[in-house]
Amino acid sequence: MKRFCSILLVVVLLFTANFALADYVKVALRSDLNVRKEASYKGEVIGHLFRNDEVTVKERLKTGWTKIAYDGGTAYVRSSFLSKTKLSGGQGKDAFPTLKHGSKVAAVQTLQRNLNTIMDTELEITGVFDDDTKAAVMKFQKKYGLTQDGIVGKKTWKKIIELR
């Protein structure tokens with residue numbers, strides 16, 4: 001019965017995932033999502049996305065797969081597992097939470113990936129806002145003329161999104 005419900009959920013998502021091609025989307029499932037090298041379930045798994053991670057969409061394919069920016073290159077995820085987000089209000093408020101030293105949420109992994117890409121840093125993707133992450137955030141904030149407080153709020157998220 002559990003397997004049937006899982007299959008039914010995927011089928012429902014396939015038919016209801018009707019988001020327009022957006023620049024920023026987030027993973028909509030409660031479980032982890034594999035990121036693949038090719039647009040196929042047979043494609044090599046090259047990473048994972050977690051609930052509320054944001055990704056940049058490059059192209060939505062007719063095959064039900066979406067090409068995304070991932071770790072400085074491109075990768076593929078099933079389109080049905082993505083939902084449109086906004087930076088302010090509604091989903092966006094939850095998708096881009098305020099992060100500070102000590103935060104331990106999936107959005108910290110998104111932050112760490114983005115800082116690695118934008119700032120050419122080598123942060124370990126841990127999901128923990130540690131001293132190294134805070135230092136990278138402050139360096140980012142200084143470079144882009146933001147308040148250097150080491151806190152990732154609305155203005156810092158907005159600049160990150162503009163640059164990724």
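User: In this predicted model, which residue forms a salt bridge with Glu162?
Analyst: The model is predicted, and side-chain atom pairs count only at pLDDT 80 or more. By the rule used, a side-chain nitrogen of Lys or Arg must lie within 4 Å of a carboxyl oxygen of Asp or Glu. The closest N and O atoms of the pair are 3.2 Å apart. The partner of Glu162 is Lys159.

User: How many salt bridges does the count come to?
Analyst: Side chains of opposite charge can pair when their charged atoms come close. Glu162 and Lys159 form such a bridge. The count comes to one.

User: Where do Glu162 and Lys159 both lie?
Analyst: The two residues are three residues apart. That spacing is about one turn of the helix. Both lie in helix α5, residues 154–163.

User: Is Lys159 buried, partly exposed or exposed?
Analyst: Buried means under 20% relative accessible area, and exposed means over 50%. Lys159 has a relative accessible area of 22%.

User: Which residues of α5 are buried, and what arc do they cover around the axis?
Analyst: The buried residues of α5 are Thr156, Trp157, Ile160 and Ile161. They lie on the same side of α5 because they cover a limited arc around the axis. That arc is only 135°.

User: Which residues are exposed on the other side of α5?
Analyst: Thr156, Trp157, Ile160 and Ile161 are the buried residues of this helix. The other side carries exposed residues. These are Lys154 and Lys155.

User: Is Thr66 buried or exposed?
Analyst: Thr66 sits in strand β5. Beyond four places away in sequence, Thr66 touches Val57, Glu59, Arg60, Ala75, Tyr76, Val77, Ser79 and Leu82. Its relative accessible area is 0%, so Thr66 is buried.

User: What distance separates the C-alpha atoms of Ile68 and Val57?
Analyst: Ile68 is in strand β5 and counts as buried at 0% relative accessibility. Residues that Ile68 touches include Val35, Leu49, Val55 and Gly73. Ile68 and Val57 are 11 residues apart along the chain. Their C-alpha atoms are separated by 4.5 Å.

User: Which elements give two or more residues to the lining of the largest pocket?
Analyst: The largest pocket is lined by 16 residues. Ala69, Tyr70, Asp71, Asn114 and Thr117 lie nearest its centre. The elements that give two or more residues to this lining are β4 (54–60), β5 (65–70) and α3 (106–119).

User: What volume does the largest pocket have?
Analyst: Rolling a probe the size of a water molecule over the atoms shows where empty space is left. By class, the lining of the largest pocket has four nonpolar, six polar and six charged residues. The volume of the largest pocket is about 270 Å³.

User: What percentage of the chain counts as buried?
Analyst: The chain has five helices and seven strands. Among contacts between residues at least 6 apart in sequence, 49% join residues at least 24 apart. Of the 164 residues, the buried share is 41%.

Note on methods. Residues are numbered from 1 along each chain as its sequence is written. This is a predicted model: local features need pLDDT of at least 70, side-chain atom pairs count only at pLDDT 80 or more; totals for chains, interfaces and linings use all residues. Side-chain values use heavy atoms; hydrogens and water are left out. On a 1 Å grid over the protein atoms alone, a cavity is a set of points where a 1.4 Å probe fits but cannot get out, and a pocket is an open set with protein on both sides within 12 Å along at least five of seven lines; lining residues have an atom within 4 Å of a point. Grid points are joined across faces, edges and corners, and a volume is the space filled by probe spheres set on the points. Helices (H or I, at least four residues) and strands (E, at least two) are DSSP runs, numbered from the N terminus. Ala, Val, Leu, Ile, Met, Phe, Trp, Tyr, Cys and Pro count as nonpolar, Asp, Glu, Lys and Arg as charged, and the others, Gly among them, as polar. Buried means under 20% relative accessible area, exposed over 50%, partly exposed in between (1.4 Å probe, protein chains only). The arc is that of the directions from the helix axis to the C-beta atoms. Contact means heavy atoms within 4.5 Å.
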